[in-house]
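Have the viewer open as you read.

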Amino acid sequence: MTLVQFLFYVMSFIALGSALFVAATKNLVRSIFMFFITLFALAGLYVLALADFVAITQIVIYVGGILVLILFAFMLSGKEALNILVQQRKPFISIKTIPALLLAALFLIVLINMVVKVDANNLGWIKKSVAFKNEIQPNAAMTENIGVNLMTSYLLPFEAISILLMLALVGAAHLSRKGGSQ
Amino acid sequence: MISLTDFLIVSAALFCIGLYMILSKHNAIQILIGIELMLNAAILNLVAFGKYDRFNNGGQMFALFAIVLAAATTAVALAIILNVYKKYKTIDPGQVDKLKD
């Protein structure tokens with residue numbers, strides 16, 4: 001087992017374990033902070049998939065932006081949200097969560113069955129890409145290529161997403177305005 | 001090297017944990033976290049397959065777009081949650097059952 005594989009297993013164990021903790025815990029603040037760990041471990045997995053730029057973006061946007069936003073919203077929504085959580089002293093598997101658990105477990109079985117059947121390493125285009133050396137090498141610097149591609153072949157999605165970001169900004173500012181528009 | 005199947009299995013497990021959170025939680029913020037987990041599972045798949053596309057970078061590029069989309073979604077969703085809390089004094093989606101008038 002090489003070091004890369006070892007790191008992959010460690011990272012995926014951390015990601016899955018902390019995601020399970022996020023799903024299982026009753027304490028909302030603790031679950032938000034454990035979600036930090038999940039996102040960091042996922043960034044590590046992205047690095048192991050040789051996508052370092054995506055990993056840095058994940059850390060900057062998710063950990064720096066989204067989680068701080070979630071914490072803000074949680075703190076602003078006040079004591080009531082906390083009270084709801086204190087009331088529900090249920091075990092992890094109660095009668096109310098059985099359907100959700102069942103659905104998630106069955107869906108996991110279906111997905112894993114499909115993944116095993118597909119056998120992604122022997123897909124046609126992946127074999128072709130390995131044969132034509134179209135595979136990212138561990139020592140390659142991809143950020144420059146990403147920047148060039150972003151401004152040439154992916155310019156249309158880039159512009160579309162910039163318009164969508166502006167719309168979301170205006171919408172969020174309008175929704176959270178004091179007083180309301182009535 | 002790490003095979004693609006490992007990445008796919010990890011992301012399938014993450015997706016199902018997110019699905020479980022969405023179905024079972026009574027708190028809008030935790031449901032939002034479940035949605036983020038599912039989005040992250042999808043991004044992990046994109047990145048894992050993007051390794052085999054050195055010249056066009058399709059996978060990594062759309063992973064970046066998905067991250068930005070998740071940020072926009074979260075901002076709007078949290079604004080909506082704050083408004084719902086102001087009106088109903090709860091953020092349990094099961095109790096938000098009235099229209100405006």
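## A helix pair inside chain A

α2(A) and α3(A) run roughly antiparallel to each other, since an angle over 145 degrees counts as that. Their axes cross at roughly 170 degrees and come within 8 Å. This is a predicted model, by the way, so read everything below as computed from it.

What does each helix bring to this pairing? From α2(A) you get A:Leu28, A:Ile32, A:Phe35, A:Phe36, A:Leu39, A:Phe40, A:Leu42, A:Ala43, A:Tyr46 and A:Val47, while α3(A) answers with a set including A:Asp52, A:Val54, A:Gln58, A:Tyr62 and A:Phe74. Sorted by class, that contact holds 19 nonpolar residues, one polar and one charged.

α2(A) covers residues 28-48, and its end C-alpha atoms sit 30 Å apart, which agrees with the 30 Å that 21 residues should span at 1.5 Å a residue. Just past the end of α2(A), A:Leu50 takes a positive phi of about 60 degrees.

## Chain A overall

On secondary structure, chain A is simple to summarise: eight helices and zero strands. Reading from the N terminus, the order is α-α-α-α-α-α-α-α.

Of the 182 residues in chain A, 21% are buried. Among contacts in chain A with a separation of 6 or more, 52% come from residues 24 or more positions apart.

## Where chain A touches chain B

How many residues does each chain put into the contact? Chain A gives 69 residues and chain B gives 66 residues. On the chain A side, α1 (3-24), α2, α3 (52-76), α4 (78-87), α5 (98-118), α6 (124-131), α7 (143-151) and α8 (155-175) each supply at least two residues. α3(A) gives the most, with 13 residues.

By class, the side of chain A that touches chain B has 51 nonpolar residues, 16 polar and two charged.

As background, an α-helix has 3.6 residues a turn, so residues three or four places apart point the same way.

α5(A) itself has 21 residues and reaches 30 Å from its first C-alpha to its last, close to the 30 Å expected at 1.5 Å a residue.

## α8(A) against α3(B)

How are α8(A) and α3(B) arranged, parallel or antiparallel? They are roughly parallel, with axes that come within 9 Å and cross at roughly 15 degrees. This crossing is left-handed.

α8(A) makes the contact through A:Pro157, A:Ile161, A:Leu164, A:Leu165, A:Ala168, A:Gly171, A:Ala172 and A:Leu175. From α3(B), the partners include B:Phe65, B:Val68, B:Leu69, B:Ala72 and B:Asn83. The class count here is 15 nonpolar, two polar and no charged.

## Loop residues to check

α5(A) is followed by A:Asp119, which lies in the loop between α5 and α6 of chain A. A:Asp119 counts as exposed because it has 11 other C-beta atoms within 10 Å, and the cut-off is 12 or fewer.

B:Asn57 also isn't a glycine, and has a positive phi of about 55 degrees. B:Asn57 is in the loop between α2 (28-50) and α3 (58-88) of chain B. Is B:Asn57 buried or exposed? With 25 C-beta neighbours inside 10 Å, B:Asn57 counts as buried.

Finally, A:Ala141 is in the loop between α6 and α7 of chain A, and it is exposed, with 9 other C-beta atoms within 10 Å. A:Ala141 and A:Asp52 are 89 residues apart in sequence, yet 9.0 Å apart in space, C-alpha to C-alpha.

Terms used
Residues numbered from 1 in each chain as written. Chains lettered and ligands numbered in written order. Predicted model: local features only at pLDDT ≥ 70, side-chain atom pairs only at ≥ 80, totals over all residues. Helix = DSSP H or I, 4+ residues; strand = E, 2+ residues; numbered from the N terminus. Expected span 1.5 Å × (residues − 1). Contact = placed C-beta atoms within 7 Å. Nonpolar A, V, L, I, M, F, W, Y, C, P; charged D, E, K, R; others polar. Buried ≥ 20, exposed ≤ 12 C-beta atoms within 10 Å, placed from the backbone. Axes fitted to C-alpha atoms, helices over the stretch in contact; angles between N-to-C directions. Parallel < 35°, antiparallel > 145°, perpendicular 65-115°, else oblique. Left-handed = near helix turned anticlockwise from the far one by under 90°.
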